Amino acid sequence: MIAEIGHFALTLALAVAMVQTVVPLIGAARQDNALMAVSGSAAMAQLVCVAIAFGALMHGYVTSDFSLLNVAQNSHTQKPMLYKVAGVWGNHEGSLLLWALILALFGAAVPVAGRNLPAPLRARALAVQAAIAVGFLLFILFTSNPFERLYPAPTDGAGLNPMLQDPGLAFHPPFLYLGYVGFSMAFSFAVAGLIEGRIDAAWARWVRPWTLAAWIALTLGIALGSWWAYYTLGWGGWWYWDPVENASLMPWLAGTALLHSILVVEKRESLKSWTVLLAIITFGLSLLGTFLVRSGVLTSVHAFATDPARGAFVLILLLVVVGGSLALYGLRAPALKAGGVFAPVSREGLLLFGNVLLATGAGTVLLGTLYPLIADSLDLGKVSVGPPFFNAVFLPLMAPLVLTMAAAPSLAWKRGHLARVRSRLGLIGGFGMGAGLAVLPLGGPWWAPLGIGLAAGVLAGTLAEPILRLRAGAGLSRRQIGMTAAHLGVALVIVGMVGEGAWSSEAVQNQSIGQTVTVGGYSFALNAVEPVKGPNYTADRADFDVTQANRAFARMAPERRVFTVPPRPATVAAIRSTPLTDVYAVIGEAAGPNTWITRLYVKPLVIWLWIGALMMAGGGLLSLSQRKRS
Amino acid sequence: MTRKRRRLYFVLLGMLVLGGATALVLTALKDNLVYFYSPSDLAAKAVAGRRMRIGGLVEEGSVVKDGTQARFKVTDLAHDVGVRYTGVLPDLFREGQGVVIEGRLGTDGVFDASEVLAKHDEKYMPKDVADSLKKAGQWKGEAR
């Protein structure tokens with residue numbers, strides 16, 4: 001019964017969204033306030049409807065109502081409560097419903113937070129927002145209905161993949177979706193601005209916090225996913241250039257560019273049409289990201305389902321949204337009033353250069369991700385494009401970007417005087433080179449000192465401006481502190497990347513009880529392997545004594561679990577993190593009497609990846625918390 | 001700085017970045033594309049030495065493990081190919097299961113695997129494997 005209410009609420013939401021698409025547009029065109037006001041109440045009604053539908057599905061999961069096909073396929077009575085709740089979005093249908101819920105949340109935030117927005121702009125943006133909702137709700141109702149019943153109801157469900165039963169992964173999709181869907185705000189307001197032919201500083205002041213919020217969520221979502229991969233897959237890697245990872249990286253790159261170009265619109269009323277284009281591209285890539293995962297067109301570890309009807313629907317939706325907005329852009333962008341001019345050597349100039357690099361980076365990731373699809377459909381053979389491609393293309397594009405990051409804060413807006421900041425830039429460059437030279441004795445590949453040098457350059461370039469300001473007695477606004485923290489976060493992430501990529505050591509072997517294996521200066525003594533029983537699994541648990549230079553370092557207990565429902569093995573690595581290095585142990589299958597396959601890793605500096613990502617998000621939050629313009 | 005002049009700079013800059021990126025992409029694609037073959041493709045034209053992926057089912061009863069060394073056969077039910085691999089097989093690796101394997105074909109006709117990928121979720125067959133089974137006429141629908 002509750003499921004039927006949910007289904008009905010979802011259908012109602014579709015009807016509301018249709019009204020919300022059409023009426024406010026007519027109202028804005030006729031300057032009719034009553035018609036425009038419909039947008040606000042419709043957005044609220046839509047949130048209520050979608051929330052009821054989402055609640056109904058969650059009720060099905062929490063009460064284990066296996067007469068629902070979706071619940072029966074993805075849940076199980078024995079599953080811990082957290083994963084029953086998280087299971088709602090651990091599958092195709094539920095995750096789309098979560099998408100629609102977040103979209104409705106953002107839509108409802110517009111009338112609440114945007115009371116002083118010009119009424120026509122607000123009405124038009126909400127209409128665009130609703131049009132996206134129509135597409136999604138149609139998709140859910142016609143191809144992916146989560147409320148489908150199952151007769152007769154089975155006594156128990158099929159369970160959730162044990163790899164997904166993990167707190168890191170439970171919150172990974174909601175953050176990712178907050179990011180994807182958050183960019184719809186920038187998109188809707190960009191399209192509304194195009195319809196009106198007006199993009200100005202006020203527009204940028206409104207769009208910036210929403211874009212920033214989406215960016216923060218996406219940053220956290222990507223970091224959570226990467227962290228999950230690092231500690232659950234048991235291979236010690238944190239980024240695989242998997243199509244689904246790429247799908248989240250592309251909107252992040254474009255969104256980062258968007259964030260910086262909005263800044264230029266806000267401060268200097270320049271780069272307007274570029275910003276609008278970026279807003280369209282960012283959301284387009286978010287949609288593409290959602291659909292690359294959902295349609296299962298790509299061979300990926302994450303792909304949920306392969307259903308041609310879904311794929312076709314998705315493709316049409318994508319074409320309508322991206323094609324339609326780009327056509328509008330082509331028609332209307334030339335009418336946007338050009339703003340302030342600036343010299344190539346200026347903060348705007350470097351921001352734009354960084355923007356171009358970010359956009360190009362996103363483009364190459366897109367190409368590498370879609371190339372197997374294109375090659376397959378053109379009968380060029382079945383190919384896969386793996387990490388070597390992305391490393392060879394993406395990283396050389398990012399190196400100049402990082403250089404730009406190091407230099408940009410030192411330049412003035414509008415026209416930078418190189419002569420005035422020459423000594424400062426020299427100092428920054430010198431600091432970077434010094435750091436690079438300092439790590440030369442550590443050895444490793446040629447790019448290790450380069451990466452550390454770049455990170456140090458960003459560190460120096462980012463800190464130079466606030467230090468000078470503080471010394472001059474000027475205060476720092478939250479936005480300035482936030483930007484500083486976020487850029488330092490990037491420097492730390494680079495340090496983590498280089499440390500893990502260049503200086504890791506690993507060993508895979510048959511290890512008998514009592515035997516000691518030494519990797520990267522750490523000795524792992526296997527004391528025992530014992531069977532243990534968890535709530536819904538049984539496991540072999542190893543007991544390692546790890547010593548470094550004859551001093552006890554840690555006692556580590558990796559597990560190899562076998563879940564009862566569904567009966568699948570999963571690896572639980574034991575990881576000990578210190579600021580300098582991660583020590584990582586995995587136990588595999590038994591290889592003989594008293595002998596197991598073990599994988600042991602020493603991975604320097606990995607912790608800085610997560611700390612850096614948190615600093616990026618934290619810096620964003622700090623910047624977001626500043627209400628007034630400085 | 002006039003508007004026109006500025007635009008010219010930006011266009012030049014954009015072309016420079018795009019040109020650089022294109023050059024990078026082209027060289028990277030030339031060196032790093034990994035083609036996917038089914039065991040039947042390999043039987044028809046064995047190309048030793050080149051890096052490639054193969055996919056199919058792990059043949060029942062073919063897995064021989066010796067510590068961290070494993071040997072098994074991958075089949076599309078029309079042809080099969082022997083594989084050797086040193087390392088830890090993924091958790092979901094088992095006989096009868098679809099796998100994708102990256103590596104090189106040795107001169108002795110045995111495939112030297114550098115990476116063995118089993119689907120994280122066993123409900124779904126890797127798409128490439130399903131396609132190669134279909135091509136060999138051995139596809140039995142969605143049944144496992």
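Strand 2 of chain B, residues 51–58, is mostly covered, with seven of its eight residues buried. The model is a predicted one.

Strand 2 of chain B pairs with strand 1 of chain B (residues 33–37) in the parallel sense, over three bridges. Here Ile54(B) of strand 2 is the bridge partner of Tyr37(B). Strand 2 of chain B also runs antiparallel to strand 6 of chain B (residues 98–105), and seven bridges join the two. In this pairing, Val99(B) of strand 6 stands opposite Gly56(B). Two bridges link strand 2 of chain B to strand 4 of chain B (residues 69–75), again in the antiparallel sense. Val74(B) of strand 4 stands opposite Val58(B).

In chain A, two helices pack together. Helix 14 of chain A spans residues 387–407, and helix 16 of chain A spans residues 447–471. Their axes lie 7 Å apart, at an angle of about 25°. Angles under 35 degrees count as roughly parallel, so helix 14 of chain A and helix 16 of chain A are roughly parallel to each other. The crossing of helix 14 of chain A past helix 16 of chain A is left-handed. Helix 14 of chain A contributes Ala399(A), Val402(A), Leu403(A), Met405(A), Ala406(A) and Ala407(A) to the contact. From helix 16 of chain A come Leu454(A), Gly457(A), Val458(A) and Gly461(A). By class, this contact has eight nonpolar residues, two polar residues and no charged residues.

How values were computed:
Residues are numbered from 1 along each chain as its sequence is written. Chains are lettered from A and ligands numbered from 1 in the order in which they are written. This is a predicted model: local features need pLDDT of at least 70, side-chain atom pairs count only at pLDDT 80 or more; totals for chains, interfaces and linings use all residues. Axes are lines fitted to C-alpha atoms, for helices over the stretch in contact, and angles run from 0 to 180 degrees between N-to-C directions. Helices (H or I, at least four residues) and strands (E, at least two) are DSSP runs, numbered from the N terminus. Angles under 35 degrees count as roughly parallel, over 145 as roughly antiparallel, 65 to 115 as roughly perpendicular and the rest as oblique. A crossing is left-handed if the near helix is turned anticlockwise from the far one by less than a right angle, and right-handed if clockwise. Two residues are in contact if their C-beta atoms, placed from the backbone, lie within 7 Å. Ala, Val, Leu, Ile, Met, Phe, Trp, Tyr, Cys and Pro count as nonpolar, Asp, Glu, Lys and Arg as charged, and the others, Gly among them, as polar. A residue is buried if 20 or more other C-beta atoms lie within 10 Å of its own, exposed if 12 or fewer, and partly exposed in between; C-beta atoms are placed from the backbone. Two strands pair if DSSP finds at least two bridges between them.
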